[in-house]
Amino acid sequence: MKTVRKVGFMMAGILFVVSFAMIFVALSTGLIPLKYCIALMIILGIIPPLVVFMQANKKTGILGSGIAFLLTIALLLGTYYIHRANKTLEEVAGSKVEVSVVNVYAGANDMTSSIKEAVDKAYRFGYIKEGENGLAGQTINDINNSYNININTVEFDSVFDMAEAFDDGDIQAMITGSAYLALLDDEPEYAGYKDKLKILMANEIETAVGEGSVIESAGIDKDHFIVFISGIDTEGKVSTTSRSDVNILAVVNNITKTVLLISTPRDFYVPLSVSNGKKDKLTHAGVHGIDCSMDTLAMLYNEEVSYYAKMNFTGFKNVIDALGGIDVESPAAFYSLGNEYHFDEGMNHLDGGAALAFARERGNVSGGDRGRGRDQMLIIDAVLHKMMSKEMLLNYENIMKSVEGSVETSMDKEEIAYLVQCQLDSSSEWTILKYRVNGSDSENFCYTTGNDMLLYVMEPDADTVDFGKDLIDKVIQGQEVTQNSIDIFMMDHNY
């Protein structure tokens, strides 16, 4: 009996310590409302004395020790999961920097294998005269300082001009960002151009995000705000500067529990925030940094964009696989590019790879890029609904792992914790509305690529943009908006 009581007292003590640790971790994260922590504190404060009281006889003593043991294990697991969620938020939230990768490229078959050899051989280095936010110039300075020399450089107005000079042998190397080089993909004659090159030097340069928005902020309202959701066309680090192929504004009203998703086509022909009124494809704004994308959309809709959430294609697949896949209702049957995936009209269960193909396809869907914008919002809608389901709890650990390194947001951890607390305090379900603006097909010159190459662009339909502005105002102000009214407008405008 003495042994049973000794074990019981020890288990009660351990349970008390573990209970205190869990409550401390829960409070420190800011994720769990105080009232729940207080309730948990009361419950856990009662159980250890109860276990001690149960040591009065052998049978209840053994039962009490067993209860204490099981609760201790459960609380340790709970503490681990809360701590992991907190660490993930610290990794994901509050992103204030972006990484631009500026490379020195030579021909794939060039016998030169290093930047030093290229400098010793007096190579002529091409770079883009205006653009890349001075990062190419910074890389040139780094080379000059490293080798105590002024390398021979040639300025070009666009990446297309530079590539042509490189092909003609007028220059032997190119200094440009990987994001700028990807602009060559817009023209069929340059398809797969990067395969003709090799990297002699890679220079990763960090730049600050969020300094000097073109629309002045009067302070962010935590219950009413707009998030720019950006999907970048690259693998690897999510912080890498790149074109943004997904350009969605999530207009959030935390009071009415409403989210309005507005998709703007990647080829929308608009002035960029850095272009002094010159027009460009919206996707090219991402080449100039996430700030440029946010501010360009803020100018288009005349609304302040408070935050961004950025995900690359690697992260996109990881998150959806961690969710166990998502269910998406396709408006039509189609194959993805290369016929790797087939999607049925109606409901489809998609893993990460299939969901990525579904979201990226525009050649085999009606409306091209317009259809792709619609499908991207269907994917986001499905992800949001899945993350609100019980299955998220069952896949909690995998989801936490998938988010790390895959997603970045400028929202602070405290701001995210506030929204989590509000959701835990409320039993209301979120209403998710979807809208996309439209335009007409055209060709024109673009600010980022210069005046020597006509590119496909989409001229904005002003009526659809104005309707989008009106929707944003209504959602922010808490006015009633229905998906049916949005669908009627799009049908009346034949898209």
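Modeller: A salt bridge is a side-chain nitrogen of Lys or Arg within 4 Å of a carboxyl oxygen of Asp or Glu. This is a predicted model, in which local features need pLDDT of at least 70 and side-chain atom pairs count only at pLDDT 80 or more, while totals for chains, interfaces and linings use all residues. Residues are numbered from 1 along each chain as its sequence is written, and side-chain values use heavy atoms, with hydrogens and water left out.

Biologist: How many salt bridges does the rule give?

Modeller: The count is 16 salt bridges. In one of them, arginine 243 pairs with aspartate 185, with 3.8 Å between the closest N and O atoms. Arginine 243 lies in the loop between β6 (224–232) and β7 (244–253), and aspartate 185 in the loop between α7 and β5, so the pair ties together parts 58 residues apart in sequence. Here helices (H or I, at least four residues) and strands (E, at least two) are DSSP runs, numbered from the N terminus.

Biologist: Is arginine 243 buried or exposed?

Modeller: Buried means under 20% relative accessible area, exposed over 50%, and partly exposed in between (1.4 Å probe, protein chains only). Arginine 243, at 6%, is buried, whereas aspartate 185, at 47%, is partly exposed.
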